[in-house]
Amino acid sequence: MKLLITYSSKTGNTKRLAEGIYKNIQLENVDLKAISEVEDLNAYDTILVGYWVDKGGPNDEAAEFMKGIEGKRVGIFATLGAYPDSQHGWDSLLRGEDLVKEKNTILGKYICQGAVDERLIEVFKKFEPGNPHAITPEKLKRYEIAKQHPNEADMLSAAIMFRERI
């Protein structure tokens with residue numbers, strides 16, 4: 001068995017989670033690569049693919065990559081600024097799963113928070129109250145919590161879940 005752990009990362013959150021999974025999965029024959037570095041999927045029978053959530057699903061680079069996976073065992077992991085146990089978090093994972101489930105076997109899904117890009121927060125601060133992305137005290141608190149993730153517990157939890165299913 002050959003395993004590929006691959007990811008798309010904008011601010012480093014998903015890369016950090018991928019590296020943590022790689023470090024903690026404790027399996028042989030594992031490669032870790034950014035999606036942009038993956039040249040041949042034929043060398044792998046199992047792929048763990050990670051993305052940062054953009055507009056409620058995988059970011060564009062990851063989505064395109066995921067559409068090309070066929071005949072593999074696939075695990076999905078993601079990071080987002082919202083709470084991972086929210087409906088938005090769950091829907092974000094399901095949108096990723098939808099891209100691969102018809103042509104592959106799904107091993108599982110994992111999502112955790114990650115710090116929101118400060119530039120994006122500044123944009124949100126300009127929105128009028130009532131806009132779904134407008135800053136509120138609750139959102140500021142969530143952004144502070146998100147800065148603490150992915151942490152070692154997130155990385156270990158994801159690695160254990162995937163290892164058990166591989």
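**Gly-130, out in a loop**

I began with Gly-130, which counts as exposed at 77% relative accessibility. For the record, I call a residue buried under 20% relative accessible area, exposed over 50% and partly exposed in between, using a 1.4 Å probe and protein chains only. Gly-130 is found in the loop between helix 4 (118-125) and helix 5 (137-146). Helices (H or I, at least four residues) and strands (E, at least two) are DSSP runs, numbered from the N terminus. I also checked Gly-130 against Lys-72: they are 58 residues apart in sequence, and their C-alpha atoms are 44 Å apart in space.

**Ground rules**

This is a predicted model, and I take local features only at pLDDT of at least 70 and side-chain atom pairs only at pLDDT 80 or more, while totals for chains, interfaces and linings use all residues. Residues are numbered from 1 along each chain as its sequence is written, and side-chain values use heavy atoms, with hydrogens and water left out.

**Gln-113**

Is Gln-113 buried or exposed? Gln-113 is buried, with a relative accessible area of 5%. I find Gln-113 in strand 6 (residues 105-113). A polar atom of the Gln-113 side chain lies 3.1 Å from the backbone oxygen of Gly-81. The backbone oxygen of Ala-82 lies 3.5 Å from a polar atom of that Gln-113 side chain. I then listed contacts (heavy atoms within 4.5 Å). Leaving out residues up to four places away in sequence, Gln-113 touches Leu-80, Gly-81, Ala-82, Tyr-83, Pro-84, Arg-142, Ile-145, Ala-146, His-149 and Pro-150.

**Helix 5**

An α-helix has 3.6 residues a turn, so residues three or four places apart point the same way.

**Salt bridges**

How many salt bridges does the structure hold? I have eleven in the structure, each a side-chain nitrogen of Lys or Arg within 4 Å of a carboxyl oxygen of Asp or Glu.

- Asp-31 and Lys-2 meet through their side chains at 3.4 Å, N to O. Asp-31 lies in strand 2 (residues 30-34) and Lys-2 in the segment before strand 1 (3-7), so this pair ties together parts that are 29 residues apart in sequence. Asp-31 is partly exposed at 22%, and Lys-2 is partly exposed at 27%.
- Lys-15 and Glu-19 form a salt bridge, with the closest N and O atoms 4.0 Å apart. Both lie in helix 1 (residues 13-24), four residues apart, about one turn of the helix.
- Lys-23 and Glu-152 form a salt bridge at 3.7 Å, N to O. Lys-23 lies in helix 1 and Glu-152 in helix 6 (residues 152-165), so the pair ties together parts that are 129 residues apart in sequence. Lys-23 is exposed at 56%, whereas Glu-152 is partly exposed at 47%.
- Glu-118, Glu-144 and Lys-147 are linked in a network of salt bridges.

Notes. Polar contact = N/O pair within 3.5 Å; in protein donor to acceptor, adjacent residues only side chain to side chain.
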